[in-house]
Amino acid sequence: MYLTKQEERMLDGEHGWANQISMKILVRLGDLFRATKLIPVQSAHLSGVSYKHLGDAAIEFLNELATHGGKAKTLATLNPSSLDQEILAKRYSKERSAKQKEIIKLYGKMCIQPTLTCTPYYLQTPKAGQHLAWAESSAVIYANSVLKAWTNREGAPSALAAALVGKTPNYGVHQPENRQPNALVRLETKLQTEADYGALGIHLGKLLKEKIPAIDGLSGSDDELKQLGAAMASSGMTALFHIGASSKQTKLETISVEAKDIEETASSLCTTDQPPDLVFIGCPHCSINEVRNVACALKGKKVHRDAELWVCTSRHVKESAKTYVDIIQRAGGNVLCDTCVLVTWIKDLGVDTVMTNSAKTAFYAPTLNDVDVALRPMKHCIDAACQH
Ligand code: F3S
């Protein structure tokens, strides 16, 4: 891979150990994927924040980077952490809270913003055609498909390296020829709810693996497409989908999706019909519109004393949706920022069953949280939280 003189000096260690190790990661990645050069990125979004998933060794590594000159050279933001300071910190040990704070502080030392959300695009929306280095699969697929920005699916180390160098190797979907569809999906049924969009995503992700689909017959709101993408990127490695197909694409490998495919996938994402201990809305983190919809669904109702309702979002959205947040909280729900069900220890809170409108959560929670799940549309979830 071609390196400029300055990049070579970084690689040789002239700009400190943190820059050197970051360059090593990027060069290795670039060589692996035959990138010809590094390109500047408009922003980097980092995973690897939750103490539940990171553990202590990662704290040592972050500390080394921060004390050896690591500083972000582009806008850099953070994914959710394992707890929020307002609600969950009080329910866990002081040690967990302190370790999580330490991780966020170390990122802060490197000028990486403590946004703690998987929807950084609500805070600062990338423009079409901008190059990014993002490491949250739901955000990556949303950025590429809905916002038309350009980012590969970075891993935690490569997104961090890209943040510290301000660049990423030019390969994958950073190149226009790699953004073209190589599979055609014919959607032969009408999707009714956001949970259907998620079920479609899980179904397609399994079939497509890394392929980029053009989905004929697909339409939907940004929130519904967010559910579709998050789910597709969970069961497969797809980083981009196209809405609609052209006549040029009729010769591509074709997958037809019928109502029974959606029904079967949705039912595979339900492992229990017991009343939920926890009802969870907000994977990926809610938009203002989604917070409003939850508030409307809750009007005149109260969350049952035997259930919890979590609505997860970013601090930015919570602040902008104050009226709706008040309605949710008055009804007995919690609006949590900085975290979500998958990255925290819900089992330690006595949760054995989760109902959610997110296919991504329903797909992962049985393994990552050791709980039973039920995928249902948001309105059904709210009714279940209130009736129990
Ligand atoms: Fe976001 Fe947590 Fe879902 S990080 S995409 S709410 S699993």
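# A guided look at a three-domain chain

The chain of this predicted model is divided into domain 1 (5–176), domain 2 (180–268) and domain 3 (278–387).

Visitor: How many residues of domain 2 are in contact with domain 1?
Guide: The centres of domain 1 and domain 2, taken over C-alpha atoms, are separated by 28 Å. Contact is counted between heavy atoms within 4.5 Å. On the domain 1 side, 13 residues take part, and on the domain 2 side the number is 17.

Visitor: Between which domains does the ligand lie?
Guide: The shell around the ligand includes Pro80, Cys118, Glu136 and Ser138, and also Gly282, Cys283, Cys340 and Lys360. Both of the domains in question give residues to that shell, so the ligand lies between domain 1 (5–176) and domain 3 (278–387).

Visitor: How many residues of the shell around the ligand are nonpolar?
Guide: The shell holds residues such as Pro284 and Leu342, along with Glu136 and Lys360. Cys and Pro count as nonpolar, whereas Gly counts as polar. With two polar and two charged residues in the shell, the nonpolar ones number six.

Visitor: Which strand gives the most to the shell around the ligand?
Guide: Gly282, Cys283 and Pro284 are among the residues surrounding the ligand. Pro284 is found in strand β10. With three residues in the shell, the strand that gives the most is β10.

Visitor: How many residues of β10 are buried?
Guide: Strand β10 pairs with strand β11 (residues 308–313) in the parallel sense, over five bridges. Within that pairing, Phe280 has Trp310 as its bridge partner. β10 is mostly covered, and its buried residues number nine of nine.

Visitor: What is the omega of the peptide bond that joins Cys283 and Pro284?
Guide: Both Cys283 and Pro284 are among the residues that surround the ligand. The bond joining them is a cis peptide bond, with omega at about -10 degrees.

Visitor: Is Cys340 buried or exposed?
Guide: Cys340 is found in the loop between β12 (334–337) and β13 (353–356). Leaving aside neighbours within four places in sequence, Cys340 is in contact with Ser81, Phe280, His285 and Cys312. Lys52 is 288 residues away along the chain, yet the C-alpha atoms of Cys340 and Lys52 are separated by 12 Å. The relative accessibility of Cys340 is 11%, and under 20% means buried.

Visitor: In what order do the four strands of the open sheet stand, and which of them are at the edges?
Guide: The pairing in this open sheet is parallel, and the order is β8-β7-β6-β9. Two of these strands have a single partner each, so one side of each is left without a neighbour in the sheet; they are β8 (242–243) and β9 (254–257).

Visitor: Which residue of β7 is the bridge partner of Leu184?
Guide: Strand β6 (residues 183–187) and strand β7 (residues 213–216) run parallel and are joined by four bridges. Four of the five residues of β6 are buried, so β6 is largely enclosed by the rest of the structure. Val185 stands opposite Ile215 in β7. The partner of Leu184 is Ala214.

Visitor: What is the relative accessibility of Val257?
Guide: Val257 lies in strand β9. Not counting residues up to four places away in sequence, Val257 touches nearby chain parts including Val185, Leu187, Leu200, His203 and Ile262. Val257 counts as buried, at a relative accessibility of 0%.

Visitor: How far apart are the end C-alpha atoms of helix α4?
Guide: Helix α4 (residues 94–109) has 16 residues. At 1.5 Å a residue, the helix should span 22 Å, and this agrees with the distance between the end C-alpha atoms, 22 Å.

Visitor: What covers the buried residues of α4?
Guide: The buried residues of α4 are Ser97, Gln100, Ile103, Ile104, Leu106 and Tyr107. Residues three or four places apart in an α-helix point the same way, because there are 3.6 residues a turn. The cover over the buried residues of α4 includes β2 (43–46), α3 (51–67), β3 (75–78) and α6 (156–165).

Visitor: Is Lys209 buried or exposed?
Guide: Lys209 lies in the loop between α7 (194–208) and β7. Its phi is positive, about 55 degrees, although Lys209 is not a glycine. At 54% relative accessibility, Lys209 counts as exposed.

Note on methods
Residues are numbered from 1 along each chain as its sequence is written. This is a predicted model: local features need pLDDT of at least 70, side-chain atom pairs count only at pLDDT 80 or more; totals for chains, interfaces and linings use all residues. Side-chain values use heavy atoms; hydrogens and water are left out. Helices (H or I, at least four residues) and strands (E, at least two) are DSSP runs, numbered from the N terminus. The expected span of a helix is 1.5 Å times one less than its number of residues. Buried means under 20% relative accessible area, exposed over 50%, partly exposed in between (1.4 Å probe, protein chains only). A residue is near a molecule or strand if one of its heavy atoms lies within 4 Å of it. Domain bounds come from an automatic or database domain assignment. Two strands pair if DSSP finds at least two bridges between them.
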